[in-house]
Amino acid sequence: MVESPAKANTIMKFLGKNYVVMASMGHVRDLPKSQLGVDLENDYEPKYITIRGKGELLSALRKEAKNADHVYLATDPDREGEAISWHLMTALNLDEEKTDRITFNEITKDAVEKSIKSARNIDMNLVDAQQARRVLDRIVGYPVSHLLWQKVKSRLSAGRVQSVALRMICEREDEIRNFIPEEYWTISAVVTDEDKNKFDAKLYGTTDAKIELKSKEDTDKVLNAIKDNDFVVKEIKRTEKNRKPYPPFTTSTLQQEASKYLNFTAQKTMMLAQQLYEGIEIKGNGTVGLVSYIRTDSVRISDEAYENASEYIKENLGEKYLPDERNIYKTKKNAQDAHEAIRPTYATMTPDKIKESLSNDQYKLYKLIWERFISSQMAPAVYESMTVTLENNGYLFRINASVIAFKGFLEVYNRVEETENIIKFPKIEENKKLSANKILPEQHFTQPPARYTDASLVKTLEELGIGRPSTYAPILATIIARNYVTKEKKAIFPTELGEIIDNILKEYFPDIVNVGFTAEMESELDKVEEGKEEWKKVIRDFYPHFGKELTNAMEKLEKIEIKDEETDVVCEKCGRNMVIKFGRYGKFLACPGYPECNNAKPYFEAVDAECPKCGGRILKKKSKKGRVYYGCEHNPECDFVSWDMPAKEKCPKCGSYMVEKGKNPVRLLCSNEKCGYTEEKKTNDEE
């Protein structure tokens, strides 16, 4: 018994006529959807029921199991897979004497046959770790969702781990809103030698220390000191550096690289990876499981996989591409390390060899996995670098260049930037004088932290120890589906609704959205899996405090009345004054005569500022993706837009419009990037 028909079809071809392989179509039992499903009065005992619609399938599985000499439960080799096997055993009332659990890291003939020879009992530590996670998620998600229904709006929900991800995204948005840019300057020089060869040098510091230019005054001081002098070559350094290959993929790094290079969401990456794992019909080979198990946080590979990779590298690239010693990678501290890294099952099955049997997206992802794995067992790339230090009146400038002397693993995995070619660099000798062709001062402003993308959010969740390989994609998918966050290009933004939910959770359930607390909970679940902790103790330690927070929230959180506020906008269909309503995507204008009149349109709040282009009102608007911006009421005739909220004040330095940034205190910042003027906003009392 396996979970999916695709996996069943692949395994059936290995085992022959004496076996019947059937799919459970995922879980067969779960907590009920219509109620909490956890008995809080009876030591948090879960109440499992058969999933609706699975009755007929269970009857067919039960019938085959009775006719079989032996039953092998071959669900995925992780906590969830172990739990599915346990639920199958219970729901089908399987005979323990003739039922075994088998697992394999890859769906190949050898792996499946070996697993049958090493069959075992169900690992209840794994099952209990999954039960603990499921019960935790339920006793948090259901009551908090019910609270949101009562106090905010129906059909809202909140999950345990998803709420932490939402908190992180909202915190990042706050950082960006409150960010005050700081001015800094750089100086570069285009210098020439006697043969009129030009090359770029950048100011590094003085003969005493590294220098930072914070203002035009600082910059002018340097410019005045160097403008009439030659540059003297003070030092030339040549070095050779090795760049080691990257380890084979874990679930997290696969999602990150697929987002970065293939523009795949985490969810799409996992869907395609699952297809590659379960098996694809390959022309001339039948159904083949192309990659090893895809939910893993380990970078370890088997000896057999290493031998296959080394053999391929030796035969197809040459011995010089093999490292002197086997590349062994360190798995991260909080990793479970239960499975190998994600790798191709057959090193010789190159992406181009099987391209015609794969969809375009399957091919792209398989190619990424294959190249990363093969390159991980290759020799490092070797770079020759050259650093030239120039001096001008006590100020040091540097010229850097490097070239790849030996490509090593980059021969296969060449998705990293290569630097300038040193061959183009002219020969320079120490103490030689160079003249300045141009000296280029440039003003810059520090930038706020970048918004999360799929890749950076998954990376941060993993680094913080939140969630596990199987949960990264669902976390993202859930908060997007609930419209708590939205994506514009790759950047993730919180919606207005998401920020309302986050503020409630932050105030009334600080532990739920606390990164450290959630990471600690993951460690507790790991202890259950290792048999060091009883699963119900995790719940007993958690729920009493959470229950008090829940009671407090029910009593103190006032209903967030999103009233139908009347406006002066007249419904063009029936003449009534339209009202402001709050829907799934935020505020909108609707006719109060609904259902007789169903007219609706976007709602825009005006801010206390005039359009700097035409003098019209500035309206707070939302992009198609839900991101807030500010635009002129006369759009499209007037094209003024701003991501930051314009202020009524004008810049005293250059006359441009100002924008508001930060809070407690609010600062006014000139919209002209070259100006950089900022001041603290006065309160009404101060005015």
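1. Let's start with a word you'll need: a residue is called buried if its relative accessible area is under 20%, exposed if over 50%, and partly exposed in between (1.4 Å probe, protein chains only). Y312 counts as buried because its relative accessibility is 15%.

2. A quick note on what you're looking at: this is a predicted model, where local features need pLDDT of at least 70, side-chain atom pairs count only at pLDDT 80 or more, and totals for chains, interfaces and linings use all residues. Residues are numbered from 1 along each chain as its sequence is written, and side-chain values use heavy atoms, leaving out hydrogens and water.

3. Now the rings. Searching the whole structure turns up 14 aromatic pairs (rings of Phe, Tyr and Trp, the last by its six-membered ring, with centres within 6.5 Å; planes under 30 degrees apart are stacked, over 60 edge-to-face, the rest tilted). One of them is Y312 with W370, edge-to-face at 5.3 Å centre to centre and 90 degrees between the planes. Y312 sits in helix α10 and W370 in helix α11, 58 residues apart (helices are DSSP runs of H or I, at least four residues; strands are runs of E, at least two; both are numbered from the N terminus). W370 is buried too, at 7%.

4. Next, look at Y321 and F406: a tilted pair, 5.1 Å centre to centre with 35 degrees between the planes. Y321 is in the loop between α10 and α11 and F406 is in strand β13, so this pair ties together parts 85 residues apart in sequence.

5. Finally, find the cluster where ring pairs link Y44, F509, F517, F542, Y543 and F546.
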